[in-house]
Amino acid sequence: MDKLLIQGGVPLSGDVAMSGAKNAALPILCACLLTNEPLRLKNLTQLNDIATMLRLIGQMGVTVTMEGNDSLILDAGGLNKPLAPYDMVKTMRASILVLGPLLARCGEARVSLPGGCAIGARPVDQHIKGLQAMGADIHVEQGYIQARATRLKGARIFTDMVTVTGTENLMMAATLAEGETIIENAAREPEVVDLANCLIAMGARISGAGGDRIVIQGVERLHGATHSIMPDRIETGTYLCAAAATGGEVRLTHTACDYLDAVIDKLREAGCEITCGPHEIWLKAPARLKAVSLRTEPYPAFPTDMQAQFMAINCVAEGTAIIRETIFENRFMHAVELIRLGANIRIDGSNAVVTGVPHLDGATVMATDLRASASLVIAGLVAQGETLIERIYHLDRGYERIEEKLSRLGASVRRVK
Ligand code: EPZ
C-alpha cells in the first residue's frame with residue numbers, strides 16, 4: 001500500500017490549479033442514466049471514486065468514451081442492468097446515487113445497501129422514504145434495496161435532516177416523475193446546484209436549487225447535454241489551510257471564493273490575508289495563526305469536510321479552539337493521529353478542544369478516512385522532521401495528484417510505493 005513521506009517545515013509558495021469537484025461529479029455521472037442520449041462532461045477529476053463510479057455505471061451498460069484527461073462522453077442508450085452490486089457499493093457509499101435515476105428511467109433498481117463507514121452509520125432511510133412518497137415499492141432483501149415503480153409520481157417530500165445525496169437522489173428521480181415534486185428541507189450545497197444545472201441542460205424543469213425548497217416538474221424524457229463540473233471547494237479549502245499552516249503565500253487557480261465564505265471567514269479570523277479573483281484565490285499567512293473555534297453545519301455554514309483540516313491548523317496556532325462536529329457522529333478519528341505528532345487535543349463527545357503548541361514533530365501516522373488524511377498531510381507539512389502517512393488510498397479517493405501539486409508549491413513530499 002502506498003504511503004506519503006513528508007519533510008516538514010517549508011512554507012508553501014507559488015501557483016497551483018484546483019480540480020473539478022468530486023462531490024459534484026459523482027451525482028452528475030449518475031444523471032447520465034436518466035437519458036438514452038450522450039452526456040458530455042468536462043473538468044472531471046481523475047480520482048479513485050470517479051473511476052469506481054464509471055465502473056459501476058459501465059457494468060449497467062453505459063458506454064464511456066474518454067476525450068483527453070478531464071473530459072468524457074457517457075451514453076446510457078444501452079442501459080440494460082439496473083443493478084449496483086455489493087462489491088462496488090461497499091467501496092463507495094455514493095453508489096447509492098444510482099437508485100433514483102435507475103428507478104425513474106427503468107422502473108426498477110437493485111442496489112446494495114451501503115454499510116456504515118469510518119465517520120458514522122450514515123443510513124439512507126431518507127432516500128428510501130422520499131422514493132416511497134413518489135409511489136415506489138421498496139424493500140430490503142439480502143442486503144439489497146429492491147425498488148419498483150411503473151412511473152414515479154410527484155410528491156411533497158420533507159427530509160428529517162438536511163441530506164446532500166438524499167436531495168440529489170430525489171431531485172434526479174423527480175425529473176422523470178409524473179407531476180410536481182417539492183423537496184422541503186433540501187440541501188443547499190453548491191454541488192446540488194451544479195447537479196441541478198446539469199439536469200436543466202438535459203431538459204429538466206427544476207427551480208429553487210441552492211435554497212431549502214426545490215420544485216421539480218416531471219417531464220416525459222431528458223436529452224443529451226454538455227456540462228462542465230464546478231471547481232472542488234473542499235480541495236481548495238484544503239490547500240488554503242496547508243498554505244496557512246506553513247506560513248506560506250499561494251495563488252490557487254481554476255477555483256473561486258464563491259462557495260467558501262465560511263472557510264475564508266475562519267482563515268481571515270486566524271490572521272490570513274485573502275484576495276478573491278474571478279477564478280483564483282490568493283492567500284498570505286501570518287507568522288503564526290490565531291486559534292479559531294468552529295461548528296460544522298449544512299451549507300452555507302462551515303462544512304464538515306473542512307473540519308479535520310482546521311483541527312490540523314489549530315494544532316500550531318496561538319491559543320485554544322473548540323471544534324464542534326454536528327453532522328457525523330464519529331469524525332474525530334484524525335485527532336489521535338495528530339496527537340502522535342505532538343498535538344494537544346482533548347475530545348469530549350462531539351467537541352474537540354485544541355490547544356496550540358509551538359511545533360509538531362514528524363512521526364508515522366495512519367489515515368482513517370478521506371478528510372482525516374488531508375489533516376495529516378497538513379500537519380506533516382508543518383512538523384519538524386519526517387512524517388510518514390500510511391493508508392493513503394483514502395487520500396487518493398478525493399485529491400488528484402496531491403504530491404505533485406504540493407511539490408509545485410515547494411513542499412518536500414513523495415509517494416512511497
Ligand atoms: C455528502 O455525504 C458528501 N458526500 C460528504 O462528503 C459530506 O461530508 C456530506 O454530504 C455532508 O456535507 C458526497 O457528496 C458524495 P448527508 P452524504 O446525507 O450525502 C444523516 C467527503 O469527504 N442521514 O448529507 O452521505 C447522515 O448519517 C464526503 O467528500 C440520515 O440519517 O451526507 C449524516 O449524519 C464525506 N439518513 C447527516 O444525515 C439519510 O437517509 C448528513 O448526511 C441520509 C443522511
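A disulfide, defined as a pair of cysteine sulfur atoms within 2.5 Å, joins Cys257 to Cys276, with an S to S distance of 2.0 Å. The structure is a predicted model, in which local features need pLDDT of at least 70, side-chain atom pairs count only at pLDDT 80 or more, and totals for chains, interfaces and linings use all residues. Residues are numbered from 1 along each chain as its sequence is written, and side-chain values use heavy atoms, with hydrogens and water left out.

A search of the whole structure returns one disulfide. The torsion about the S-S bond of Cys257 and Cys276 is about -95 degrees, so the disulfide is left-handed. Cys257 lies in the loop between β15 (249-253) and α9 (261-269), and Cys276 in strand β16 (residues 273-277), so the pair ties together parts that are 19 residues apart in sequence. Helices (H or I, at least four residues) and strands (E, at least two) are DSSP runs, numbered from the N terminus. Cys257 is buried, with a relative accessible area of 8%, whereas Cys276 is partly exposed at 40%. Here buried means under 20% relative accessible area, exposed over 50%, and partly exposed in between, with a 1.4 Å probe and protein chains only.

Cys32 is in no disulfide, and the nearest cysteine sulfur, that of Cys30, is 7.5 Å away. Cys32 is buried, at 0% relative accessibility. For Cys198, the closest cysteine sulfur is in Cys32, at 9.5 Å, which is too far for a bond. Cys198 also counts as buried, with a relative accessibility of 1%.

Strand β5 (residues 72-75) is paired with two strands described here, where pairing requires that DSSP finds at least two bridges between the strands. Strand β3 (residues 39-42) runs antiparallel to β5 and is joined to β5 by three bridges; Arg40 has Ile73 of β5 as its bridge partner. Strand β4 (residues 63-66) pairs with β5 in the antiparallel sense over four bridges, and Ile73 in β5 is the bridge partner of Thr65. The strands β4 and β5 form a hairpin with five residues between them, and Gly68 in the turn has a positive phi of about 80 degrees. On β5, Leu72 and Leu74 make up the covered face, while Ile73 and Asp75 make up the uncovered one.

The ligand has 21 residues around it, of which Asp125, Thr163, Thr165, Asp305 and Ile327 come nearest; a residue is near a molecule if one of its heavy atoms lies within 4 Å of it. An N or O atom in the side chain of Asp125 is 2.7 Å from a nitrogen atom of the ligand. An N or O atom in the side chain of Thr163 is 2.6 Å from an oxygen atom of the ligand, and a polar side-chain atom of Lys22 lies 3.0 Å from a ligand oxygen atom. Of the 830 Å² of accessible area that the ligand has on its own, the protein covers 87%, with areas from the Shrake-Rupley method and a 1.4 Å probe.

At least two residues of the shell around the ligand come from each of α1 (22-31), α5 (125-133), α6 (164-174) and α12 (370-382). Helix α5 gives the largest share, three residues. By residue class, the shell divides into nine nonpolar, six polar and six charged residues. Ala, Val, Leu, Ile, Met, Phe, Trp, Tyr, Cys and Pro count as nonpolar, Asp, Glu, Lys and Arg as charged, and the others, Gly among them, as polar.

Conventions. Polar contact = N/O pair within 3.5 Å; in protein donor to acceptor, adjacent residues only side chain to side chain.
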